[in-house]
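Have the sequence and the 3D view ready, and follow along as we go.

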Amino acid sequence: MRTRIIGLAVWASVLAIVLFGVPLALAVHQYALQAERGELERVANAVSFTVASDVYDGERIDEISGPGLIKVAVYDQHGNQLGGMGPRGESEVGEALGGGIGSGKVAGDLVVAVPVTHDDDVIGAVRASAPESAVMQRVVLVWAGMAALAALAVAAAWLVGRRQARRLALPLEDLAVAARRLGEGDFSVRTRRGGIPEIDSVGSALNGTAGRLDDLLAREQAFSADASHQLRTPLAGLRLRLEAVLERPDDELRAAIAASLVDADRLETTIDELLALARNKRAAQTVPIDLSALLAEMSPEWCARLALQGRNLELKIDSGAQNPSASTAAVRQILGVLIDNATVHGSGTVTVAVRESSDAVAIDVCDEGAGVSDPENVLFTQRADERNGHGIGLPLARRLAEADDGRLELTQRTPPVFTLLLPSAVAEDPVVEPAPGDSPRATATSEPRRRWSVGRVPTDSRAPGA
């Protein structure tokens with residue numbers, strides 16, 4: 001590309017020089033010839049005034065010459081040479097004897113002849129000549145100067161083309177390298193601005209694409225890690241039950257196989273839900289959720305797991321709480337993470353309480369453990385998992401909550417209380433303007449309210465009771 005740009009600049013300058021330089025060179029040549037003829041005419045006129053009396057008397061003129069290389073000859077009215085150097089019977093001299101001015105080229109010389117007059121009568125002629133080669137020497141010198149200027153112009157065009165080629169090629173080469181690295185999977189690549197708006201816009205688009213791919217890959221990796229944890233819990237239960245059957249093959253084999261099939265179905269459901277959530281299908285599945293039925297469906301599994309540790313699961317549902325509008329699969333996964341977190345890292349009774357909180361539905365999950373010491377911004381990141389294992393799955397739970405316009409926060413550290421806020425499934429009624437004189441009343445609008453406050457759970461009960 002650089003070679004093409006430099007070549008284009010050089011050829012453009014050469015073409016411009018040819019188009020303008022050749023006519024200019026010809027004009028210089030013609031101007032030099034006209035100037036030399038003018039000088040010859042001036043010299044011939046000066047001599048004609050000097051020798052007019054001698055020509056009138058018909059006397060021989062011995063000493064006559066012109067400046068430099070100019071040769072001068074004097075003729076009478078019959079064409080006879082009276083002095084100087086010059087041929088006889090020349091057409092230019094004949095024109096001068098006829099009263100005009102003759103000019104032309106003879107044997108490589110420029111010739112000008114002017115009449116010699118006396119009382120308005122032509123009595124003779126003066127011929128002045130100079131070699132054309134002398135004129136060409138001066139013209140060649142001018143042409144040499146023009147050629148030198150043309151060479152400088154071509155060199156300047158080469159330098160400018162080289163600079164412009166570098167300025168244009170470097171950003172494009174950077175774009176090519178960045179695109180190659182992006183194709184190889186390096187999503188951290190970024191291009192530099194080159195100062196050319198069109199190329200910079202392409203670089204900005206490539207940077208944006210790389211950033212989006214990097215974010216997408218990071219989200220996919222994080223989701224895969226969190227989803228693997230969600231699958232690990234039912235797999236562990238299935239494995240323990242099968243190992244117990246192996247140890248007691250003749251003891252309630254049919255019941256153990258049936259329970260294992262139930263776990264396998266639950267595992268398959270979990271996989272389907274995670275895949276649906278990963279493919280962003282939550283919006284189509286956002287419906288009012290019957291929390292009582294959902295918690296009743298989930299409680300047997302968790303009651304059984306807690307019973308193995310001598311612990312209980314307690315459900316408290318406020319009778320005035322509205323049903324939330326969210327994805328059933330997402331809420332099931334979030335509650336699964338919170339209850340599993342309380343089961344693995346907490347102690348005592350695990351309480352799940354449903355209450356109403358500022359135009360939203362709040363679900364509190366708490367236990368009687370020692371509490372959480374990590375800051376909330378660390379607790380809901382993957383780094384918390386790498387340190388001590390506390391809070392595994394919480395980043396996934398928070399992302400699922402935010403995807404359904406909800407929030408998940410740690411509202412109390414000791415004993416630990418995690419609160420899930422979800423928008424209420426309230427019927428969308430048109431706004432009713434109060435009539436004059438009527439008392440103002442709340443009106444329902446189609447815009448969901450998003451300013452929620454998370455109330456603290458009372459310490460004595462750890463969840464609001466119904």
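Here, two residues are in contact when heavy atoms of theirs lie within 4.5 Å. Keep in mind that this is a predicted model.

Let's start with glutamate 36, which sits in helix 1 (residues 2-50). Is glutamate 36 buried or exposed? Its relative accessibility is 11%, so glutamate 36 counts as buried, the cut-off being under 20%. Leaving aside neighbours within four places in sequence, glutamate 36 is in contact with Leu110, Ala130, Val135 and Arg138. With arginine 138 there is also a polar contact, side chain to side chain, at 2.7 Å.

Next up is helix 4, which covers residues 132-183. Its 52 residues, at 1.5 Å a residue, should span 76 Å, and the end C-alpha atoms are 73 Å apart, so the two agree. Just after helix 4 comes glycine 185, with a positive phi of about 105°.

Now for the nonpolar cores. In soluble globular proteins, nonpolar side chains tend to be buried together. Here are two such groups:

| Core | Residues | Some members |
|---|---|---|
| Largest nonpolar core | 37 residues | Leu291, Val331, Leu335, Ile363 and Phe418 |
| Another core, apart from it | 25 residues | Leu33, Leu40, Ile64 and Val139, among them |

Not counting residues up to four places away in sequence, phenylalanine 418 touches several residues, including Leu338, Ile363, Val372 and Phe380.

Notes:
Residues numbered from 1 in each chain as written. Predicted model: local features only at pLDDT ≥ 70, side-chain atom pairs only at ≥ 80, totals over all residues. Heavy atoms only, no water. Helix = DSSP H or I, 4+ residues; strand = E, 2+ residues; numbered from the N terminus. Expected span 1.5 Å × (residues − 1). Core = buried A, V, L, I, M, F, W, Y, C linked by side-chain atoms within 4.5 Å. Buried < 20%, exposed > 50% of the residue type's maximum accessible area, 1.4 Å probe, protein only. Polar contact = N/O pair within 3.5 Å; in protein donor to acceptor, adjacent residues only side chain to side chain.
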